[in-house]
Every structure is written in structure tokens, then in C-alpha cells.
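Visitor: I'm new to this one. Can you walk me through it?
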Amino acid sequence: MRKGTLEYCVLALLRERERYGFELVRTLGEIDGMVTSEGTIYPLLRRLRDEGLVDTTWQESGSGPPRRYYRLTKAGREGLAVFYTEWSRFRDAVDELLAAGRKR
Amino acid sequence: MSTDATDREVDRYLSNLNRSLSDLPHGKRQEIIEDITEHIRLALEELGESSVAQVREVLDRVGDPDAIAAEARSRLGIPQVRPTALEPIAIALLLFGGFLMGVGWLAGVVLLWMSPVWSRRHKLLGSLLVPGGLASALFVFAIPGQVSYCSTISGPATVQASGSPVSPPPFATPPSLNAVTQCASSGPGTLTKLALLALIVLIVVGSTVSAVILGRRVGQARRAVDVSRRFA
């Protein structure tokens, strides 16, 4: 389940603004239990790009070579919205079950 | 900023990663390596002056190359290659199969090309580096045996020398009582002998190196299967 939700966490991080790879990976890597290691996120970023959920641009940085920035595409935004409704429904159902189990 | 020692750590990590990703399509592998190289560069830049221990910590956070490769295969829909018992057999046949009339070696080549574990480059290396494997060293031994030089000294000073590839038996001339037949294998000359010796060494070293390279790829594919089972 964790694996299936990771890609939507990436999309969610890009909802507000575009970010470069390192920033995305650091943010996700710091959430406990989200990823096995920082490096494993890059194959996912590549797939999201292949599927057209994100696209990338090269932008100059103050220091060093240009950086690859990721931003949400229209398809990515729609995918995230669909996931959000499904996830809320699922989460509420699980919460309800867990709460009912505790009362007994 | 960076010293030779820390650079070496990063280089070693990247070359391990490259090996772990070796069954991915070239473009995808290149891109993942580029992304991760950039990630490591930025992480080290953040640290400023960094010791070897700190670099190792950064690389630890980036993660096990086999785990990254397993993730890449599952995310990008590339089937996991599973080594079977046939790969070790192929390696053994490539090394020693030549002793079985050469047929064993050919069987090794067939198994080598059938296996999904090895890349085209591995397959070419396995078939072409030392055709015949270790057994081809025997052919080298066969060469100097055919050019042994014999000289028969009979009586005062009659010397016969023959240098034809298959020397006629010295008994062709009726052996007189005080005739001495000398066969010297030093005929081919030291230089030729050295060259033949070098050829034997090359065959042994070449077959061993190619077996080790093929074996390492099998080991790596096995580890990858383990890793993907652990993270599945």
C-alpha cells in the first residue's frame, strides 16, 4: 500500500509549486517509513514523467549546473484529485472499523 | 570540498549502481544514474567540507544499489531476470567443456546465449575471448612437439639435421654402433617458446577472467532477486 501511495505523495508535493528532484527526494526521505532509501524515489520520478503525470524543465541554479525541476501536468492534477477522493473514502472506512473495534 | 578518498567512495558507489542497473534499457539506466549522481553532488555540497564517514552516510541514505535497481524494475515494468541452475553449468562448460572433444564448450556457448541473465556484451565476451576455454591450451602444447629437431652423429662428423614439421624417425638411417641420435626440443628457439608460453598464460587468464565476469553477473542477478523479494 505504501508503494502505491508514494506516487500520489510526489504529486501532492508538486500541487503548490514546482520543485527540483533533490528537494522532492529529501522531503519524502524525511517522512518516517515513507521510502526505503532516497535513491529508490528516482525510478518513480522517471515513471511519472513517462506517464505524463509530471513534466520537467531545466533551470539555472545560482551555483553549479542547471537543475531538473518537476511540475504537475493536467493529467497529474486530475490523477491526484481522483486519488484524493478514493483515499478519503478508504481512510474514513478504515478509521470507522478501527474505532468500532476498540469500543467493543 | 572533496578529497581523493571521498571521490573514490562516490565513484565506487556509482559503479556498483551501474552494475546493478545493467539489465535496464540504456536510456533509463543513464537517466537514473544522472539523477542520483546529481543528488549525491547536492547532498555533499550541503555538507561543505566532508569526511569519508560523512560521504558514506550520504551514500547510505541514497541506498543499496540493488534496492534501487529492484525499485526501478518494478516501477518501470521491467521483468526481473531469475537465474537458474543453467548459468553455473554454462560457465563450467565454457571453462572445461573443451576437454570433451570441444562439444562441451559448444554446449556452453548455446546455454550462454539462451540465458536472459547475461547481456549481449557478456555473451560476446564468453564466446570470443577464449574460444574452446582452458582446453585450447592443449593445442598450444601440440605445436612445439611437431617441430622437434633431431641430429644423428655417427662416426667422426656426419651431422644430419631435419627441421620438417613431422621429423622422420631417426631409425631411417641404419643405426651403426657408435651412432648417437640427439633430439632436442630446443629447436624452435627461445623466442618462439616464450611466445607459446605467453599464449598458454593468456588462455588460462582469459578463460578465468571471462568466467569470473560471467559469474559475478549471475551473483548480482541472484542478489537482485533476493532484494526485490525483501522490498516487494
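What follows is a chat about a predicted model.

Visitor: Let's start with chain B. How many helices and strands are there in chain B?
Guide: Chain B has nine helices and three strands. Read from the N terminus, the order is α-α-α-α-α-α-α-α-β-β-β-α.

Visitor: What percentage of the residues of chain B count as buried?
Guide: Of its 232 residues, 39% count as buried. The accessible surface of chain B is about 13300 Å², and carbon and sulfur atoms account for 66% of that surface.

Visitor: And what share of the contacts in chain B comes from residues 24 or more positions apart?
Guide: Among contacts in chain B with a separation of 6 or more, 70% are between residues 24 or more positions apart.

Visitor: Ok, on to the nonpolar cores. Which residues of the largest one touch the most other members?
Guide: That core has 45 residues, and the ones touching the most other members are Val10(A), Leu45(A), Tyr13(B), Leu21(B), Ile32(B), Ile36(B) and Ile40(B). From chain A, α1 (2-13), α2 (21-30), α3 and β3 (67-72) each supply at least two residues of this core.

Visitor: Take Val10(A). What is Val10(A) in contact with, leaving aside neighbours within four places in sequence?
Guide: With those neighbours left out, Val10(A) is in contact with Leu24(A), Leu28(A), Leu44(A), Leu45(A) and Leu48(A). There is also a second, separate core of 17 residues, including Ala90(B), Leu93(B), Trp105(B) and Val109(B).

Visitor: New topic: Arg46(A). Where is Arg46(A)?
Guide: Arg46(A) lies in helix α3 (residues 41-50) of chain A.

Visitor: Is Arg46(A) buried or exposed?
Guide: Arg46(A) counts as buried, because its relative accessibility is 15% and buried means under 20%.

Visitor: Which residues is Arg46(A) in contact with, apart from neighbours within four places in sequence?
Guide: Lys28(B), Glu31(B) and Leu76(B). With Glu31(B) there is a polar contact between the side chains, at 2.4 Å.

Visitor: Now the aromatic rings. How many aromatic pairs are there over all chains?
Guide: A search of the whole structure finds four. One of them is Phe83(A) with Trp87(A): the ring centres are 5.7 Å apart and the planes are at 20°, so the pair is stacked.

Visitor: How far apart are Phe83(A) and Trp87(A) in helix α4 of chain A?
Guide: They are four residues apart in helix α4 (residues 74-103), so about one helical turn separates Phe83(A) and Trp87(A). Phe83(A) counts as buried, at 18% relative accessibility, while Trp87(A) counts as partly exposed, at 29%.

Visitor: Why is the pair of Trp87(A) and Phe90(A) tilted?
Guide: Because the planes are at 50°, and stacked needs under 30 degrees while edge-to-face needs over 60. The centres of the Trp87(A) and Phe90(A) rings are 6.1 Å apart. Trp87(A) and Phe90(A) are three residues apart in helix α4 of chain A, about one helical turn. Phe90(A) is partly exposed, with a relative accessible area of 42%.

Visitor: Which residues do ring pairs link into a cluster?
Guide: The cluster is made of Tyr8(A), Phe83(A), Trp87(A) and Phe90(A).

Visitor: One last thing: which ring does the charged end of Arg67(A) sit over?
Guide: The ring of Tyr20(A), with the charged end 4.4 Å from the ring's centre.

Technical notes: Residues are numbered from 1 along each chain as its sequence is written. Chains are lettered from A and ligands numbered from 1 in the order in which they are written. This is a predicted model: local features need pLDDT of at least 70, side-chain atom pairs count only at pLDDT 80 or more; totals for chains, interfaces and linings use all residues. Side-chain values use heavy atoms; hydrogens and water are left out. Buried means under 20% relative accessible area, exposed over 50%, partly exposed in between (1.4 Å probe, protein chains only). Contact means heavy atoms within 4.5 Å. Accessible areas come from the Shrake-Rupley method with a 1.4 Å probe; for residues, only the protein chains shown count as cover. A polar contact is a pair of N or O atoms within 3.5 Å; within protein, one must be able to donate a hydrogen and the other to accept it, and residues adjacent in sequence count only if both atoms are side-chain atoms. Rings of Phe, Tyr and Trp (its six-membered ring) pair if their centres lie within 6.5 Å; planes under 30 degrees apart count as stacked, over 60 as edge-to-face and the rest as tilted. A charge sits over a ring if NZ of Lys or CZ of Arg is within 6 Å of the ring centre and within 35 degrees of the ring normal. A nonpolar core is a set of buried Ala, Val, Leu, Ile, Met, Phe, Trp, Tyr and Cys residues joined through side-chain atoms within 4.5 Å.
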